Amino acid sequence: MGIAIGAAVAVLAGLGAGIGIGIATGKAVESIARQPEAAGDIRSTLIIGCALAEATAVYGLVASILIIFMTGSAA
């Protein structure tokens, strides 16, 4: 039971990444609407930020998989 709770908490990193990417995308669209000439710079910065946020979600997924399989085999 404790293993499942630990894995669920680790997967919550995906929730935070999704919220962060959504907020960042909204702000980028606002910025492009205000300054269309800076769209290229804003887009490239957004892509880098989204990649970093998504990497955080993948780390949480890997941690949850490790929690499930590494602790489950020891029991």
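I count as helices the DSSP runs of H or I with at least four residues, and as strands the runs of E with at least two, numbered from the N terminus. By that rule glycine 14 is found in helix α1.

**Ground rules.** I am working on a predicted model, in which local features need pLDDT of at least 70, side-chain atom pairs count only at pLDDT 80 or more, and totals for chains, interfaces and linings use all residues. Residues are numbered from 1 along each chain as its sequence is written, and side-chain values use heavy atoms, with hydrogens and water left out.

**Whole chain.** I looked up the secondary structure and noted two helices and zero strands in the protein chain. Along the principal axes, the C-alpha atoms fill a box of roughly 60 × 15 × 5 Å. I then checked the radius of gyration, taken over C-alpha atoms, against the globule rule of 2.2 Å times the number of residues to the power 0.38. The protein chain has 17 Å, while a compact globule of 75 residues would be near 11 Å.

I took accessible areas from the Shrake-Rupley method with a 1.4 Å probe; for residues, only the protein chains shown count as cover. The protein chain exposes about 5,200 Å², and carbon and sulfur atoms supply 75% of that area. I call a residue buried under 20% relative accessible area, exposed over 50%, and partly exposed in between (1.4 Å probe, protein chains only). Of the 75 residues, 17% count as buried.

For contacts I required heavy atoms within 4.5 Å. Among contacts between residues at least 6 apart in sequence, 75% join residues at least 24 apart.

**Helix α1.** I tested the length of α1, residues 2–34. The expected span is 1.5 Å times one less than the number of residues. For its 33 residues that should be 48 Å, and the end C-alpha atoms are 49 Å apart, which agrees. I listed the buried residues of α1 as Ala7, Ala10, Ala17, Ile21 and Ala28.

Glycine 14 is partly exposed because its relative accessible area is 31%. From its C-alpha atom to that of valine 29, 15 residues along the chain, I read 22 Å.

Leucine 15 also lies in helix α1. At 53% relative accessible area, leucine 15 is exposed.

**Surface patch.** I build patches from residues with over 30% relative accessible area and no salt bridge, joining like charges within 9 Å and nonpolar side chains (Val, Leu, Ile, Met, Phe, Trp, Tyr) within 5 Å. A salt bridge here is a side-chain nitrogen of Lys or Arg within 4 Å of a carboxyl oxygen of Asp or Glu. One nonpolar patch of about 780 Å² is made by Met1, Ile5, Val9, Leu12, Leu15, Ile19 and Ile23. Methionine 1 sits in the segment before α1 and is exposed, with 81% relative accessible area.

**Helix α2.** I placed serine 64 in helix α2, residues 39–74. Serine 64 is buried, since its relative accessible area is 4%. Leaving out residues up to four places away in sequence, serine 64 touches Ala7, Ala10 and Val11.

Alanine 51 is found in helix α2 as well, and is partly exposed at 47%. Between alanine 51 and isoleucine 68, 17 residues apart in sequence, I noted 26 Å from C-alpha to C-alpha.
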